[in-house]
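Work through the following exercises with the sequence and the three-dimensional model at hand.

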Amino acid sequence: MSVSAASLAALRSLRDAYPTISKRTQTSANVNGLLDSFDTSPPAGCSNNSNTCATYSDSNDSNDSNDDTLTSYWSAAAAFDGEGVITGLDLGGCRLRSLDPSVLAGIKSSLVTLNLANTDLPISETRDAVSQLDKLEVLCLGGNGIRDESMDIVADIIKTCPCLTRIDMRYNDIGPIGAKVLSRAIVENEKARIGREAANGSVGLTVLHLEGNKIGDEGCQYLASALSSATCSISELYLGDNSIGPEGATHLARALETNNTSLEKLFLEGNRIGPDGASALTDALESLWAKARMDGEEEEEKIADQDEGRTREGVSIALQHLYLDNNGVGKEGMQRLAKALKSSTTIGEGFGW
């Protein structure tokens, strides 16, 4: 399949300006980095039968791997729709260190997914490059040394990318102060999004990756406050390996107990919440079920058969997956937590997406 003219011009500019990208195009593998780990289902408003939905190019499109007008030539770095228009760009690990916004100008209205993880790209240059991408839904910024003092710029990115639904900032140096700035940006952006939702169909930021940072208990307090906001749309929160103790788990438990949160997946693996933190989470979830019982529900076995197994007397319990491995919770704490979550929620191990 041939690459569209605008996409080809942008890709050639990137290849010519950055030698590491040129080396990637010389490989024969399809996109298989972080970009490939993300959901590649059609963007919002795009029919499953549409020829313009995002699809990954097939390296077997042509036997001529030197023809850069074909999608197969770029298969190690890019994804295309059925018309050869670029929808995903994987620059992860390319160590760019700088990025001229003009090289992305030609694809600003088609790029949905952008991986800039481990590129050593200053966050200010990231902002300048992505602020023009009005269709961007997924942005990876892991391993770029982002610190608390840079989080105001991250907040700008969230505000200037109206379609952003997923942001990955794992393995940076974000601490409590950065978590506070981020939480405030999420709440403010959600309030603004509601006002424009009818116009562009945006769904808000739903997935937040913060594994391997320095969020700590104080940072959890700020994130919990954002989760408790009625306008927050985050459904998946990844906080593994963040030095979170019982106090941080308690803050998150209180957010769950408000029953405003839409959180469905919570990853806390590799922290140190211990029995006390697990107990706080257990108490919060038992409280939710108690509220349901007060409303007159008598048959617990019906819970799993209802809509997504989560509704009981009008009380929506969103949490479906809770990951607590390597937290020193203990067998008794895990058993009590499992009982509190009923059969509708999975307590699991692992680091999956």
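The model is predicted, so local features need pLDDT of at least 70 and side-chain atom pairs count only at pLDDT 80 or more, while totals for chains, interfaces and linings use all residues. Residues are numbered from 1 along each chain as its sequence is written, and side-chain values use heavy atoms, with hydrogens and water left out.

**Exercise 1. Aromatic rings**

Task: Determine which residues the ring pairs link into a cluster.

Solution. 

Step 1. Recall the criterion: rings of Phe, Tyr and Trp (its six-membered ring) pair if their centres lie within 6.5 Å; planes under 30 degrees apart are stacked, over 60 edge-to-face, and the rest tilted. The structure holds 3 aromatic pairs.

Step 2. Examine tyrosine 238 and phenylalanine 267: their ring centres are 4.3 Å apart and their planes lie at 20°, so this pair is stacked. Tyrosine 238 belongs to strand β8 (residues 236–238) and phenylalanine 267 to strand β9 (residues 265–267), 29 residues apart, so the pair links distant parts of the chain. Strands (E, at least two residues) and helices (H or I, at least four) are DSSP runs numbered from the N terminus.

Step 3. Examine phenylalanine 267 and tyrosine 323: with centres 4.1 Å apart and planes at 10°, this pair is also stacked. Tyrosine 323 is in strand β12 (residues 321–323), 56 residues from phenylalanine 267.

Step 4. Conclude that ring pairs join Tyr238, Phe267 and Tyr323 into a cluster.

Step 5. Check burial (buried is under 20% relative accessible area, exposed over 50%, partly exposed in between, with a 1.4 Å probe and protein chains only). Phenylalanine 267 is buried at 2%, and tyrosine 323 is buried at 15%. Tyrosine 238 is buried as well.

**Exercise 2. Two packed helices**

Task: Describe how α7 packs with α8.

Solution. 

Step 1. Two packed helices are described by the angle between their axes and the distance between the axes. Axes are lines fitted to C-alpha atoms, for helices over the stretch in contact, and angles run from 0 to 180 degrees between N-to-C directions.

Step 2. Helix α7 and helix α8 (residues 246–257) pack at about 5°, with axes 8 Å apart. This makes α7 roughly parallel to α8 (under 35 degrees is roughly parallel, over 145 roughly antiparallel, 65 to 115 roughly perpendicular, the rest oblique).

Step 3. List the contact residues, contact being heavy atoms within 4.5 Å. Among them are Cys220, Ala224 and Leu227 of α7 and His251 and Leu252 of α8.

**Exercise 3. A loop residue**

Task: State where serine 235 lies and what it contacts.

Solution. 

Step 1. Serine 235 lies in the loop between α7 (216–228) and β8.

Step 2. Serine 235 is buried, with a relative accessible area of 16%.

Step 3. Leaving aside neighbours within four places in sequence, serine 235 is in contact with Thr206, Ser262, Leu263, Glu264 and Lys265.

**Exercise 4. Cysteines**

Task: Find how many disulfides the structure has.

Solution. 

Step 1. A disulfide is a pair of cysteine sulfur atoms within 2.5 Å. A search of the whole structure finds 0 disulfides.

Step 2. For cysteine 161, the closest cysteine sulfur is that of cysteine 163, 8.8 Å away, which is too far for a bond.

Step 3. Cysteine 161 is buried at 1% relative accessibility, and cysteine 232 is buried at 7%.
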